[in-house]
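Q: I am new to this structure and would like to learn how to read its features. Please take them one at a time.

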Amino acid sequence: PVGSAGIDLTGSNFRMTGGDLIYAGFGGRILDGGDVRIVYLSSNVTGGTIRLTGGAAGKQVLFSSNVKLYNLSCEGSAQKVVLWEMPLEVVHELRVATGSEFLPQRVDLTLGGALVCDGKFNGEKNKTIFNGTHQTISGNAAQLVFKDVEVQTVGSLIYQVALAAEQKGNLSINNAGILDLGARQWRLNGNLLNDGEFTTSGTGALHLVGTNRSELRGNGNYGSFAIKKNAGAIAKDNIKLHGTLALEDGNFILDRYLLHIFRGGKIDRGTTSYYIVTSGSFVAQGIKQELALGDQSILFPLGLEGNNKYTPALLTIDAPGYAQNDGYVRVVNINNTFGVVGDCSQKVLNYHWEVESQNQALTGQLEFSCPTSFKAAQMSVSESAPLCFQPSAQWMQQTKDNLSESGTTLKVVWQYANASSLSGRYTAGPPLCFLMVKEVESVAAGRWSDPI
C-alpha cells in the first residue's frame, strides 16, 4: 500500500513469513485508527519487515499493533513514528534510520533482538523491555532516551552507541541478564534493581545523574559507576563492585550494608570531599577490599552523614607492596566507644573502627582519622594512646607518639611488622581505661563508692 492514506489490517489471523510491507503515508488521525493499525485474534509472524517510509515536518506516522512483528524499520525523511493504543513487541530488529524519530509514547515496547538507531529514539514516557538472547543496541544515534528499562536478556545486552544513553526512570536487570556497557556511558536518573550484572571496561560507566537520590537494590555484580548528583545514592542491599566507584558529586550512602570491592576494583574520590556514609552502628558492615599483588596504599573513605563527619582509614604497605593476590581487609566505622565504662567514658574517643582481615604477612601501618569533635569532653591527647582490642580478647597499646592532633583532625596510627592479621577494634584513650578486669572482690561491706 505505497502512498495510501492509511492501512487498517484486522481479522482472525495475521501471517508474515518474509518480504516487505511498505507504508509511505503519514498524517493519519487517531479517530480514524492512525496510519497503520494491525489487530488480529491470532498471528504467525516468522519473518519479513514492515517499513515505514513516509514522513514530513510537523506530521506523525501513528502505528499500533497487537501482533508480534519480526522486523520494524522507520526510514522516512523528517519522519516521526508514534506508537499508541497498544504495547508493541518486535522479535528480531527495530531500526530507526537517519532522519527518523521513534516515539513509543506511553505504551510498552518489547524487543527480542537488536535496536539499531541512526536517528532518534525517544522513549521517555514508556517502559522498554529487552527479552531476547545476546542483544545489541547500536548505531550512530542522534538521541537515545528511555524511561523505564528492563533487561530480561538471556546473556548480554551490549550497548555499542557512542552517544551516552539517557534514562529518565528506573533500570532493572534480571538474574540471567548482563548489561554490557563496554567503554560506553549510560546516564540513569532513577533507581537500579540489579539481580544480574552490568559490566564495563576502560572509561565505560553507569552515571547516576539527576536531582533525586538513587536507590541500588539487588544481589547482582557491578561494573564501574559514578555518582554525579549532589543527592548521592543509597544502597538497599550489599554491593559487589568489580570496577570503579567514582564519587564525583555526591556521597554513597552504604548504611548498614557491605561494599565488597573485588580485586581490581576501587573507590575514586578524585579531588572531591565525598565519601562512603555508613550507619555507624554495630550492625554496619563497611568496606571490604580484596588485596592484590603490589598494593601499597588502600583508602577506606568512611564517615557518617552530616557535616564534618569524615572518618577515613588508610592502609599503607611498605615497598614493594603486598606480596600475593589473595586476602582482604574490611573496615567499618562505629559511632560509639568500645570497652569502657564509668568515668572513663568521658576520657576516651567516642568512636572506633572495626577491622577484619585475612592477609599474608605485611609491614606497614593503619591510619585512622576523625574530627576532634569525636573526643569525649575530658579526653586529653597527651595522656592517651592508640589501643586495639584484638580477637584474642586482649587490649594492645602503641606508643603515645602515634596519637596526634592537628587543627580539627585527630589521627590514630597503628604500625605493623610482618603482621598476619590486622583484625581488631581500634580506638584511643588513656591506656588504664582499657585494661581487662577479670575478677574483682570487695573486702568491705557497703557500696563500691564507699571509702575503705
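Q: Is Asn-194 buried or exposed?

A: First, a note on the source: this is a predicted model, in which local features need pLDDT of at least 70 and side-chain atom pairs count only at pLDDT 80 or more, while totals for chains, interfaces and linings use all residues. Residues are numbered from 1 along each chain as its sequence is written, and side-chain values use heavy atoms, with hydrogens and water left out. Buried means under 20% relative accessible area, exposed means over 50%, and partly exposed is in between (1.4 Å probe, protein chains only). Asn-194 has a relative accessible area of 0%, so Asn-194 is buried.

Q: Where does Asn-194 lie, and which residues is Asn-194 in contact with?

A: Strands (E, at least two residues) and helices (H or I, at least four) are DSSP runs, numbered from the N terminus. Asn-194 belongs to strand β18, residues 192–194. Contact means heavy atoms within 4.5 Å. Leaving aside neighbours within four places in sequence, the contacts of Asn-194 are Ile-173, Arg-217, Gly-218, Asn-219, Gly-220, Asn-221 and Tyr-222. With Asn-221 there is also a reach from the side chain of Asn-194 to the backbone oxygen, at 3.0 Å.

Q: How many residues does the largest nonpolar core have?

A: In soluble globular proteins, nonpolar side chains tend to be buried together. A nonpolar core is a set of buried Ala, Val, Leu, Ile, Met, Phe, Trp, Tyr and Cys residues joined through side-chain atoms within 4.5 Å. Here the largest one has 101 residues, and Phe-63, Trp-186 and Phe-252 have the most contacts inside it. Strand β2 (residues 36–52) gives the most to this core, six residues. Apart from it lies another core, of eight residues, including Val-348, Leu-387, Trp-395 and Cys-433.

Q: Which residues does Phe-252 touch?

A: Not counting residues up to four places away in sequence, Phe-252 touches a set that includes Leu-216, Ile-227, Ile-239, Leu-247, Tyr-275 and Val-277.

Q: How many disulfides does a search of the whole structure find?

A: A disulfide is a pair of cysteine sulfur atoms within 2.5 Å. The search finds one. This disulfide joins Cys-344 to Cys-433, with an S to S distance of 2.1 Å. Cys-344 sits in the loop between β35 (328–334) and β36 (352–358), and Cys-433 in the segment after β42 (424–429), so the pair ties together parts 89 residues apart in sequence. The torsion about the S-S bond is about -80 degrees, so the disulfide is left-handed. Both cysteines are buried.

Q: How many salt bridges does the structure hold?

A: Side chains of opposite charge can pair when their charged atoms come close. A salt bridge is a side-chain nitrogen of Lys or Arg within 4 Å of a carboxyl oxygen of Asp or Glu. The structure holds 18. One of them pairs Arg-425 with Glu-354 (3.8 Å, N to O). This pair links distant parts of the chain, with Arg-425 in strand β42 and Glu-354 in strand β36, 71 residues apart. Glu-354 counts as buried, at 17% relative accessibility.

Q: Which strands do Glu-367 and Lys-411 lie in?

A: The side chains of Glu-367 and Lys-411 meet in a salt bridge (3.8 Å, N to O). Glu-367 lies in strand β37 (residues 362–371) and Lys-411 in strand β41 (residues 409–419), so the pair ties together parts 44 residues apart in sequence. Lys-411 is partly exposed, with a relative accessible area of 33%.

Terms used
Polar contact = N/O pair within 3.5 Å; in protein donor to acceptor, adjacent residues only side chain to side chain.
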